[in-house]
Amino acid sequence: MASARSLPYPLGFSLIEGRHNFALYSETADAVFVCIFDEKGDETRVELPERTGHVFHGFVDGVGVGTRYGIRVDGAWNPEAGLRHNVNKLLLDPHATAIEGGYDWEADNQSFFGHDMNEPQTRNDTDSAPHSPRCVITDPAFDWEDDRAPLTPLSESVIYETHVKGFTKLHPDVPEDIRGTYAGLAHPAALKHLTDLGVTAVELMPVHQFVQDSHLSEKGLRNYWGYNSIGFFAPHNEYVSDAAGQAGGQVTEFKQMVKAIHAAGLEVILDVVYNHTAEGNDLGPTLGFKGIDNASYYRLVEGDEAHYFDTTGTGNSLNVSHPAALGLIMDSLRYWVTEMHVDGFRFDLATTLTRQGGDAEIHSAFLTLIAQDPVLAPVKMIAEPWDTAGYQVGGFPADWSEWNGKFRDDVRDFWNGTDSVLGTVSQRILGSPDVYEASRRSPLSSVNFVTAHDGFTLHDLTSYNDKHNAANGEDNNDGESDNKSSNGGAEGPTDDESVNARRDRKRRNLLATLLLSAGVPMLLGGDEMGRTQGGNNNAYCQDDEISWFDWAAADTDLLSFTRELIALRREHPALRPAWFRQAPEVQSEVPDAIAADAVEIVRSDGENFDDHDWDNPNARTETLVFTHEGADSFALLLNAAENGVEFQVPSAPGAEWELAASSDPGQVVEGPVTTLIASGGSFTLLRSRG
């Protein structure tokens, strides 16, 4: 029998007839070394002897599950030509499935940089290995038993954006030794909150291995959000419990978490950052891709290859027009679906991934490859449809959903009493047909949100007019200044009962608009129980009580209210319609194919809107009647005016109207109702049983 032959694919470590094969792509390298580290930290280098096309490969003997390793790449150093090889830098394997440790910036900050800090064109030959993390060979075996993806339809989905660590770090019913970990999120007490709430999916902020920034470490801060990826296959090692350890244990613990979440009937969606990496610009460190094949993995400025073409605001952008970078992303996505059983992805700054030659294109290679991939085509794909160079809401394919920033802005404006927004907020409630209908996309293309990790929480949106980011160490200059927020009459915490009542009503208005609108609602984790960040609207570096969920301070009344709204949405098809609409002035006519869903929009006096009404800058009230054939109907009365308004209530389609929910604690509905007083800044939802 012929002896086994090394193969160029798959990339990274793989087993071929019992031998460990390693493969790495680089067009510009002269030599590639796999560096094996023993328990003492001593290094053994193995040069890959074969090259097929642009892939270096070979067998690496004497390794197995748990082996720590890195790579070194030798080649030309010529930044002006985009070449940044430096064999003295220990690099991460792009396909590593686990990474142990982190970068010790305090021990030797300079060693991680391929260039001299004072003379950037000069190579820095300091060895970075003593202070660098290690890749770990992992065992892919795992007993998934009868694990099954819930496959929740988008039409029935309610997404909950949260953070692996922050969600359970202070949870009193989660054992202390697993709080803030994958195991903590999988604990029954954590899952009970989610299932009782009624959400259908958790959208986890980045769990790909990311880097703790040196500039934050110098300030005594940490990268909490994790939008600083360096390992696209490795679960972040700081979220693993001590019992599992970092030596590959994070892979098993992550799988156990997914298995437990699935068993609870919930889906797992990952917030993924493929648009850039932690290596920054030309003055950033050399941690992996930059030293492997800089020009293949990153977009460089044409004619000035020493610098990076950046549409992310982080210093670099992945070069998705190159097969190496694009193949890496596709391999990673398939890995998380097939090996880790995740159910979907939310793509950070997704517009960057669609840029070919600088412009965003709906027929980009990235979108085309996903559409034709049998593993990825059925998976939930959600775009953050913008980057620093452009806004692309409505520009993604029909089988994608998008974070709809217009929903956030218009809903905030409406409930703040802003002039001339009634027409646009009506579009948002209807699933943003003005954005999606022209390309024959349904309301399910719109992921609706009022708050997200980036910005104020719901509590703070209604408690602060201004950001309060002093803890970030940037003199309050970071974070968005225009938040479309309103403090209700006092800045921050107050004992004024009238202010607190006003804030509470606003929170319920915003939650109701989110959860009663067509599209896919996304709830920021903690908003359901009044989580505050003390007015910090950019808490990316606050890995502490500012960001962690304060379970002891939960607003239980708001939590019950949110549960009831989610239950109404999930139980009643009229509240999650799938119609197409062109404009608010179009009344109850809908295409025959979706005639089961209908909506009628009328003024508070019960009359139809005309063009003048929609153009009226002072219009702040409306009634929407939602019906679904053979099911209960609902009337949603919205009053964003400061004063109480008498509504003429449309005739009930079925049984007489009854009160389903309201932000007005004094609202009462008794017997047949033809008129109803809605207090200033409130909503009322009426139900007619079918």
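Select Gly 431 to begin: this residue comes just after helix α11 and takes a positive phi of about 95°. The model is a predicted one, in which local features need pLDDT of at least 70 and side-chain atom pairs count only at pLDDT 80 or more, while totals for chains, interfaces and linings use all residues. Residues are numbered from 1 along each chain as its sequence is written, and side-chain values use heavy atoms, with hydrogens and water left out.

Next, select helix α11 itself, residues 422–429, where 7 of the 8 residues are buried, so the helix is largely enclosed by the rest of the structure. Here buried means under 20% relative accessible area, exposed means over 50%, and partly exposed covers what lies in between, with a 1.4 Å probe and protein chains only. The buried residues of α11 are Leu 422, Gly 423, Val 425, Ser 426, Gln 427, Arg 428 and Ile 429. To see what surrounds them, show α10 (405–415), α12 (433–436), α14 (497–515), α16 (611–615), β29 and β30, against which these buried residues pack; contact here means heavy atoms within 4.5 Å.

From β29 and β30, move to the loop between them, where Asp 632 is found. The side chains of Asp 632 and Arg 687 meet in a salt bridge, at 2.8 Å from N to O, a salt bridge being a side-chain nitrogen of Lys or Arg within 4 Å of a carboxyl oxygen of Asp or Glu. This pair links distant parts of the chain, since Arg 687 belongs to strand β34 (residues 682–688), 55 residues apart from its partner. Both Asp 632 and Arg 687 are buried.

The structure holds 29 salt bridges, and another to select is that of Arg 72 with Glu 43, whose closest N and O atoms are 2.9 Å apart. Arg 72 lies in strand β7 (residues 68–75) and Glu 43 in strand β4 (residues 43–47), so the pair ties together parts that are 29 residues apart in sequence. Arg 72 is buried, with a relative accessible area of 0%, whereas Glu 43 is partly exposed at 27%.

Now turn to the aromatic rings. Rings of Phe, Tyr and Trp (its six-membered ring) pair if their centres lie within 6.5 Å, and planes under 30 degrees apart count as stacked, over 60 as edge-to-face and the rest as tilted. By this rule the count comes to 37 aromatic pairs. Phe 167 and Phe 549 form an edge-to-face pair, 5.2 Å centre to centre with 80° between the planes. Phe 167 sits in helix α1 (residues 164–168) and Phe 549 in the loop between β27 (520–524) and α15 (556–571), 382 residues apart, and both are buried. Phe 609 and Trp 614, by contrast, are stacked, at 4.0 Å centre to centre and 20° between the planes; these two residues are also buried.

Finally, select Phe 37, over whose ring the charged end of Arg 134 sits, 3.9 Å from the centre. The rule for a charge over a ring is that NZ of Lys or CZ of Arg is within 6 Å of the ring centre and within 35 degrees of the ring normal. Lys 169 likewise lies over the face of Trp 548, at 5.7 Å from the ring centre.

Notes: Helices (H or I, at least four residues) and strands (E, at least two) are DSSP runs, numbered from the N terminus.
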